[in-house]
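Me: Could you walk me through this model? I am new to it and would like to begin with a single residue.

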Amino acid sequence: MSTEKKADFSGVTASVDSTAGKASKADFSGVTASVDSTAERVGGTYTVQKGDSLSKIAKQHLGDANAWKKIFEANRDVLDDPDKIFPGQTLKLPPQ
């Protein structure tokens, strides 16, 4: 065992002085919030029918057969190949 006496810090006090001014409380009285519905941004859904293709659906619902790429991109979570859609599939339609 050591016979050395350990330092006694029990009487030590501390204080902090700052040159910074006291900050006032934040005023949130002018804050507003809004929530947009994703349904309006998506453009709706479409259930694939027999004989449908993405370009046919694009022409019918978006007014441009070349917009099939937008439908494909909006449905990458369920479509791997734009040529492989099946009756009964529900597809998200992008906004026009």
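Me: Is N75 buried or exposed?
Reply: N75 counts as buried because its relative accessibility is 0%. Buried stands for under 20% relative accessible area, exposed for over 50%, and partly exposed for what lies in between, with a 1.4 Å probe and protein chains only.

Me: Before we go on, what sort of model is this?
Reply: It is a predicted model, in which local features need pLDDT of at least 70 and side-chain atom pairs count only at pLDDT 80 or more, while totals for chains, interfaces and linings use all residues. Residues are numbered from 1 along each chain as its sequence is written, and side-chain values use heavy atoms, with hydrogens and water left out.

Me: Where does N75 lie?
Reply: N75 belongs to the loop between α3 (68-74) and β2 (90-92). Helices (H or I, at least four residues) and strands (E, at least two) are DSSP runs, numbered from the N terminus.

Me: What does the side chain of N75 reach?
Reply: The side chain of N75 reaches the backbone oxygen of I71, at 2.7 Å. A polar contact is a pair of N or O atoms within 3.5 Å; within protein, one must be able to donate a hydrogen and the other to accept it, and residues adjacent in sequence count only if both atoms are side-chain atoms.

Me: And which residues is N75 in contact with, leaving aside neighbours within four places in sequence?
Reply: With those neighbours left aside, N75 is in contact with L91 and K92. Contact here means heavy atoms within 4.5 Å.

Me: Tell me about L91, then. Is it buried or exposed?
Reply: L91 counts as buried because its relative accessibility is 1%, and its place is in strand β2. Not counting residues up to four places away in sequence, L91 touches G44, T45, Y46, V48, L54, I57, I71, N75, V78 and L79.

Me: Let us step back. How many helices and strands are there?
Reply: The protein has three helices and two strands. Along the sequence they follow the pattern α-β-α-α-β.

Me: How much of the protein counts as buried?
Reply: Of its 96 residues, 18% count as buried. The protein exposes about 8400 Å², and carbon and sulfur atoms supply 51% of that area; accessible areas come from the Shrake-Rupley method with a 1.4 Å probe, and for residues only the protein chains shown count as cover.

Me: Which residues of α2 are buried?
Reply: In helix α2 (residues 54-62), the buried residues are L54, I57, A58 and L62. They lie on the same side of α2 because they cover an arc of only 100 degrees around the axis, the arc being that of the directions from the helix axis to the C-beta atoms. The exposed residues K59 and Q60 are carried by the face turned away from the buried side of α2.

Me: What covers those buried residues of α2?
Reply: The cover includes β1 (45-47), α3 and β2.

Me: Which residues have the most contacts inside the largest nonpolar core?
Reply: That core has 13 residues, and those with the most contacts inside it are L54, I57, I71, L79, I85 and L91. The elements giving two or more residues to this core are α2 and α3, and the largest share, four residues, comes from α2. A nonpolar core is a set of buried Ala, Val, Leu, Ile, Met, Phe, Trp, Tyr and Cys residues joined through side-chain atoms within 4.5 Å.

Me: What does I85 touch?
Reply: Not counting residues up to four places away in sequence, I85 touches V48, D52, S53, L54, I57 and L79.

Me: Changing topic: how many salt bridges does the structure hold?
Reply: It holds three salt bridges, each being a side-chain nitrogen of Lys or Arg within 4 Å of a carboxyl oxygen of Asp or Glu.

Me: What is the salt bridge of D77?
Reply: The side chains of D77 and K92 meet in a salt bridge at 3.1 Å, N to O. This pair links distant parts of the chain, 15 residues apart, with D77 in the loop between α3 and β2 and K92 in strand β2. D77 is exposed because its relative accessible area is 59%, whereas K92 is partly exposed at 29%.

Me: And the salt bridge of D52?
Reply: D52 meets K56, at 3.8 Å from N to O. D52 is buried, with a relative accessible area of 14%, while K56 is partly exposed at 43%.

Me: Which residue does R76 pair with?
Reply: R76 forms a salt bridge with E73, and their closest N and O atoms are 3.4 Å apart. R76 is partly exposed, since its relative accessible area is 45%.
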